Amino acid sequence: MGKLTGFLIFSSLFTGLVVAADWNILKNQKNKNNGVGDGLKKYCESWRINVEVNNIRGFDVVPQECVQYIQKYMTSSQYKADSEKALEEVTFYLSSCCTLEGDGKDAWIFDVDDTLLSTIPYFKTHGFGGEKINATSLEAWMRESKAPALEHTLKLFHEIKNRGLKIFLISSRRENLRSSSVDNLIKVGYHGWTGLILRGLEDEFMEVQKYKSKARHRLVDEGYLIWGIIGDQWSSFEGLPIAKRTFKLPNSMYYN
């Protein structure tokens with residue numbers, strides 16, 4: 001908290017230097033009070049950016065003073081624009097990257113939550129990361145199969161599938177959520193994936209990153225070439241084997 005206080009004082013001293021091209025995307029209007037309010041917005045935006053670039057890791061909750069800023073971002077047009085830009089880069093990559101062998105072994109991996117399906121409706125009533133995740137509560141919500149599709153990803157999902165790549169979904173959801181997960185995915189428009197990999201009993205106490213790495217190992221051992229991965233958590237990309245390219249979608253509500 002001492003670091004935050006120092007940062008706020010520093011920001012107050014230099015308020016007069018802020019120009020019209022202020023980089024703070026969460027600032028919807030000029031803050032007439034200047035000082036602390038402006039400094040806090042900058043602090044929270046810096047926190048969010050450092051989560052996205054994987055400098056801040058392993059947090060259990062969003063700092064309480066930043067919850068409203070994370071809420072504003074995750075429900076804003078900026079969040080949608082950032083996601084669409086990331087997926088636009090996938091389209092550029094696909095236009096020149098891949099010489100498919102035609103042997104049915106060219107693969108693409110998607111995460112599920114906050115990559116294909118949105119958990120924002122759940123977090124709207126659970127603090128947008130300001131509360132430690134209650135796995136029992138979250139899984140009960142997942143069993144209802146009501147998560148909406150992320151529309152920007154839904155379109156790309158089918159584009160990748162139509163190119164002839166085999167799509168694998170690797171999720172940190174547990175195996176006992178398979179039926180409700182499949183129902184949810186199909187209901188909102190996803191279909192035609194090759195495999196849905198969920199955490200079995202043997203994976204229960206394994207770190208998410210190690211579990212997802214293990215799942216990719218299995219695919220490679222089966223002869224698949226992984227051209228790309230799209231996910232909202234760094235655990236979807238880290239560890240071996242690596243994909244040809246990885247694409248990170250924004251999500252600073254939680255870390256796994």
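Let me start with Cys44, which touches Glu65, Cys66 and Tyr69 when residues up to four places away in sequence are not counted, contact meaning heavy atoms within 4.5 Å. What we are looking at is a predicted model, in which local features need pLDDT of at least 70 and side-chain atom pairs count only at pLDDT 80 or more, while totals for chains, interfaces and linings use all residues. Residues are numbered from 1 along each chain as its sequence is written, and side-chain values use heavy atoms, with hydrogens and water left out.

Cys44 sits in helix H2, residues 35-52, where helices (H or I, at least four residues) and strands (E, at least two) are DSSP runs numbered from the N terminus. Cys44 is buried, at a relative accessible area of 1%; buried is under 20%, exposed over 50% and partly exposed in between, with a 1.4 Å probe and protein chains only. Between Cys44 and Cys66 there are 5.3 Å in space, C-alpha to C-alpha, although the two are 22 residues apart in sequence.

Turning to the sheet, five strands form an open arrangement in the order E3-E2-E1-E4-E5, with parallel pairing, and two strands pair if DSSP finds at least two bridges between them. Strand E3 (195-199) and strand E5 (245-248) stand at the edges with a single partner strand each, so one side of each is left without a neighbour in the sheet. Strands E1 (106-110) and E4 (225-231) pair in the parallel sense over five bridges, and Trp108 stands opposite Gly228 in E4.

The largest pocket holds about 710 Å³ of space. On a 1 Å grid over the protein atoms alone, a pocket is an open set with protein on both sides within 12 Å along at least five of seven lines, a cavity is a set of points where a 1.4 Å probe fits but cannot get out, and lining residues have an atom within 4 Å of a point. Grid points are joined across faces, edges and corners, and a volume is the space filled by probe spheres set on the points. Of the 28 residues lining the largest pocket, Ile133, Ala135, Leu138, Ser172 and Asn256 lie nearest its centre.

A search of the whole structure also finds two cavities of 30 Å³ or more.
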